[in-house]
Amino acid sequence: MNGSAYCITIAELAERGVKDIPQEAATTKHLVYSSPATLSYNSPGAQGFGVKRAGLAIPESVELVVSSGCCGRNSTIEGGAAGFSEKIFFLRMDETDLVTGRHLAKIPQAVKEIADFYKPRPKVVVLCVTCADALLGTDMERVCRRAEEENPDIKVIPTYMYALTRESIKPPMVAVRRSIYSLLKKLPITNYQMTIQGIQRYSRVLPIEEPASPDYTKVLSSTDKNGVRTADDRSEHGTFGGSVNLLGHFAPLYDSCELYELLHRLGFAKTNEISRCKTFEEYKMLANAELNLVLHPEANYAAEDLRRRLGTPYAELKRLYQADKIHKQYVLFGAALEQKLDDAEFYEAAKERVHCFKEKFAGCSFSIGQTLNAEPFELALALARYGFRVDAVFANLNEGSYPYIRQLALVSPDTKLYLPASPTMLNYRTGQEKSDFSLGRDAEYWLPDAANVPWNSERQPFGFDGLVKLLDEIEAAAERKSAK
Amino acid sequence: MNGLFKFISPFAPDQSGATAVLFSLGGIIVICDAGGCAGNICGFDEPRWFTEKSAVFSAGLRDIDAILGRDERLVQKLEEAVKFIDAKFAAIIGTPVPAVIGTDFRALGQMAEKRLGIPVLALDTTGIGLYDEGEEKAYIGLFSAFASDKFEKKFDVGVLGATPLNLPDKNYAGKLKELIEKKYGKAALFSGENGIDEAKNAGGAKLNVAVSVSGIKAAEYLRQRFGTPYIVEFPIEESHLAPRTSHLESKIDERRAADDARTLIIHQQVLANSVRELLETRGETSDVAVWFKLHAKYARENDVRLSEEDELPRLLSERRYTKIVADPIFLRCPAVRELEFVPLCHYACSGELYAASALENFGKIIGE
């Protein structure tokens, strides 16, 4: 082999700026290297919560994958291992179907057969279609309506596993997040609903790129009080009394996450997550929420759709690992709801945990992959700001990472960025980067000698609780390594 | 209804089979897809991918590439890649996307070969066919492109079909080679180890052994081109085959005549046949069912090819089998769960799901 794996320092990357992203980072411009570390990127349907599994997030649903055999194949293994295979059914496309779209006529009957077969009878059948239908231009909404007409007690919705559209504005994982909330419909007016009407004019609450930005306050000050409840109409206890939905993940946050308590302190009586809904009836109640809180940026499209359809405002809270920024984000969020959000006990505990960790692991170095419950550049920034050396980040690049990259360049300019999808990574000698710790399931492949923390659980870490858990995991990995 | 699978999920497709043949040969393998197919091939059908470095790439097609049929752009990407990868050849493997837009693989291969200056195998797999079809195409492509008339005699036996997808355990190829060498002399697996050299010298083999139906067409090609005879056999250690007594033979014949085989073996045909012969030496008659290619010449009267899921419970009921030897994934079918079940893993069916116990299961069947 000739040459070496392409890498660039964070300083150089920041200097070039978002207008001059390296060619190697543009996955449309080159072949995409398939290393074990890039599987989850290359194949969005393949591992963890891909489109197929995500579609099953709706309670009491089953899924019909309409595809050629190759697209359904991974569910054999993933579904078997994760225990959802019995909820996935396949309608196989043959070569004639590929050309003529003949398979679409079979879908209503297939829905009937799986609904009759599955016990208990499902309330929802999620259709999952693939690249072939993307190219055929199939009108899946119409196909679903037809299937519903023939199966009146079943809701049928489409999800799109269109890998071809991965770099579009609505890539598969964005679209599926919208799909799983698409069955929420306005419910009869309730007290909660009055609140929704009151705040339906809220514009989108922008994510905090620089945590000092007072976006929330600006947004909420635009609320009018034209005869309906608004933020000012909270009860004498300062509460709305309604519920809030957490959008973005297909599994719940850790029970210990402080966000639940903080939302309670803000007056929300109930915090909903789709993954905690046990029945379809419970799921439908998500439509009653006063606020949608986006915890993963790929759910913004779903939140916007809900705002348009149901009038539910939304805000985005980012998953951060810098303790001061987590605190600042909570403060700003509280201010947006015109409340003082007191997170002191959690903030102090996190600061104390960071302090102990820094003392114990002073001088240690880290490398970070991309298959983990973190934004890799934000995590790199957090560790660098805590005083650790960050040798390398192995992650695909997108514009949304640049705010962190710019800050990382100030505190850790020599950190290297490797682009896992670049074909030059075939020349990466496994282990050529050396760090004490590798973070991310994929990072173990690049640095096999480092103590690895996969940090890729289905239960989602968030906030101070996430930070503390991460440090605990790193400490446990160090102990395992030294025990070896 | 036809095409609907309620218990069984899809088997390894033709694109995975083609990749399995070429994976370790030192070429650039480009899956002509948007990313999902490459992920499925590598992550679920190619166990060597986790342990061996291989130049497998996704073409990274986007909707506009597909709509405009931008083959030129794919060739450009390949050109860029060969600048820093020392590849002996390139292979472009088809998926549903090029199948839908009707990519001319022959033309694509020729254009790429001209520009790259290395041999290019362009295989028109579709993601719809099954893995053995892809393997068959890849073997033919491989020998057509590389088998040299100026071969050297470097081995005695060529082995076709010894990819992980065909085996009862993903790591069984080494054992298979050992068994073949014991019977027929020095063997080449044509799917790794010495890379493309073995394919170049395929003409020097005294014998070819097809251990799967996927290798028969290539064995026939090599017979026609070089006169190399071939046999179709999945060898099992002789010591595990109990000698048949005349009493047993007549018992078997009696049962066959009465059409009362009570065991059904489901696997790829050649391995299933070997298991059947093994069971026969123990006085047990059985039929073979395959979800893949069923070669008429190597099938017995009651052997069947299954294609629809409904056919399996129907077959079990109609023929009143009492025992089934098959991949554990078929236990998802309620009718299978009612029978005595002997696990015999097949990577093309269940991949890694039962891989941990695959060798042990096979050992139990053959008596190791």
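The legends below describe close-up views of a predicted model. In this model, local features need pLDDT of at least 70, side-chain atom pairs count only at pLDDT 80 or more, and totals for chains, interfaces and linings use all residues. Residues are numbered from 1 along each chain as written, chains are lettered from A in the order written, and side-chain values use heavy atoms, without hydrogens and water.

**View 1. Helices α12 and α16 of chain B cross.** Helix α12(B) spans residues 269–281 and α16(B) spans residues 355–366 (helices are DSSP runs of H or I, at least four residues, and strands are runs of E, at least two). Their axes come within 10 Å and cross at roughly 40° (axes are lines fitted to C-alpha atoms, and angles run from 0 to 180 degrees between N-to-C directions).

**View 2. Residues of α12(B) meet residues of α16(B).** Leu271(B), Val275(B) and Leu278(B) in α12(B) meet Phe362(B), Ile365(B) and Ile366(B) in α16(B) (contact means heavy atoms within 4.5 Å).

**View 3. Chain A has an open sheet of 4 strands.** The order is β8-β7-β9-β10, with parallel pairing (two strands pair if DSSP finds at least two bridges between them). The edge strands, β8 (270–273) and β10 (314–316) of chain A, each pair on one side only. Neighbouring strands are turned by 25° against each other on average, direction ignored.

**View 4. Strands β7(A) and β8(A) pair in the parallel sense.** Strand β7(A), residues 243–247, and β8(A) share 4 bridges. Val244(A) has Thr271(A) in β8(A) as its bridge partner.

**View 5. Helix α12 of chain A lies across β7, β8 and β9 of chain A.** This helix, residues 258–265, runs at about 150° to β7(A).
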